Amino acid sequence: MSEFAYIQFQIQDRVARITLAQRPLNVLNITMMREIAEALERAAVERDVVAILFDAAEGTKAFSAGVAVEEHVPETVFQMLDSFHNIFRLLTQISKPSIAVVDGPALGGGCELVAACDIVIASDRARFGQPEIKLGVFPPVAAILLARIVGEKKAREMILLGEMIDAKEALSLGLVNHVVPSAELEQKTASLLTKMRELSSSSMGMTHTALELGTAGGDFDSALERLENYYLHELMKTEDAHEGVRAFMEKRKPSWRNR
């Protein structure tokens, strides 16, 4: 367990876990956001890590209630935005899938972090929202990501009105992948991680990059050309791509080397 002031970070059994631990509501201040970025950078260089997981510490009352309002003032707003947005740049650049486990409110920057993760598991008491408009500001990350996930009309409504949605609606909109009772959240997360640990971190990372390339803009043909080149010139140079194909043909379980 690495020592940070506002988060807990550990790499265990191929999963890098970043636990938000700023009681009571996991309000993201500049120092905490820089700690998250440092943890992401550490996870990025660990070859065997198959996924990065975000959750909230036991005893906190929210996944995250968002970015500290007091740091939106002119003296610190640049550092605040830069520290916050660096988390999302890293999540895009790091070739590892990310998971959010949400048990309680995820608001403002917390909801944006959820939107940026590849897979989201929520309890039935989770709530999501972008209330920035009520402070007279707007959420830059949500303005980019939310429409891609929940659809443009719903994203505009959430951002323009700042109202919360419950876990059931978040599931129907595609903001979360799974909703379970709070008591079953740990079991559901463990089940998902067991499946991921059976896979090659190298192939998982390249697939994550492929998904980013596929949504990078342009028409279908240009996107397909990007992915074809990546497949031929990057993926097929890895040991695990060849091992997976051989194992299938030889009717055996693959022996991943994560490279």
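## Helices α4 and α5

Helix α4 (residues 140-150) packs against helix α5 (residues 152-161) with the axes 7 Å apart and at an angle of about 135°. The two helices, α4 and α5, are therefore oblique to each other. Their crossing is right-handed. The model described here is a predicted one.

On the α4 side, the contact consists of A142, A143, L146, A147 and V150; these meet E152, K154, A155, M158 and I159 of α5. By class, the contact of α4 with α5 has eight nonpolar residues, two charged residues and no polar ones.

## Helices α8 and α9

The axes of helix α8 (residues 201-214) and helix α9 (residues 220-233) cross at roughly 160° and come within 9 Å. That makes α8 roughly antiparallel to α9, because angles over 145 degrees are placed in that class. The crossing of α8 and α9 is right-handed.

From α8, the residues M206, T209, A210, L213 and G214 take part in the contact, and from α9 the residues A223, R226, L227 and Y230. Six residues in the contact of α8 with α9 are nonpolar, two are polar and one is charged.

The ring centres of F84 and F88 lie 4.8 Å apart and the ring planes stand at 75°, so the pair is edge-to-face.

Both F84 and F88 belong to helix α2 (residues 77-93), where they are four residues apart, about one turn of the helix. F84 and F88 are both buried.

Notes: Residues numbered from 1 in each chain as written. Predicted model: local features only at pLDDT ≥ 70, side-chain atom pairs only at ≥ 80, totals over all residues. Heavy atoms only, no water. Axes fitted to C-alpha atoms, helices over the stretch in contact; angles between N-to-C directions. Parallel < 35°, antiparallel > 145°, perpendicular 65-115°, else oblique. Left-handed = near helix turned anticlockwise from the far one by under 90°. Contact = heavy atoms within 4.5 Å. Nonpolar A, V, L, I, M, F, W, Y, C, P; charged D, E, K, R; others polar. Phe/Tyr/Trp six-rings, centres within 6.5 Å; stacked < 30°, edge-to-face > 60°. Buried < 20%, exposed > 50% of the residue type's maximum accessible area, 1.4 Å probe, protein only.
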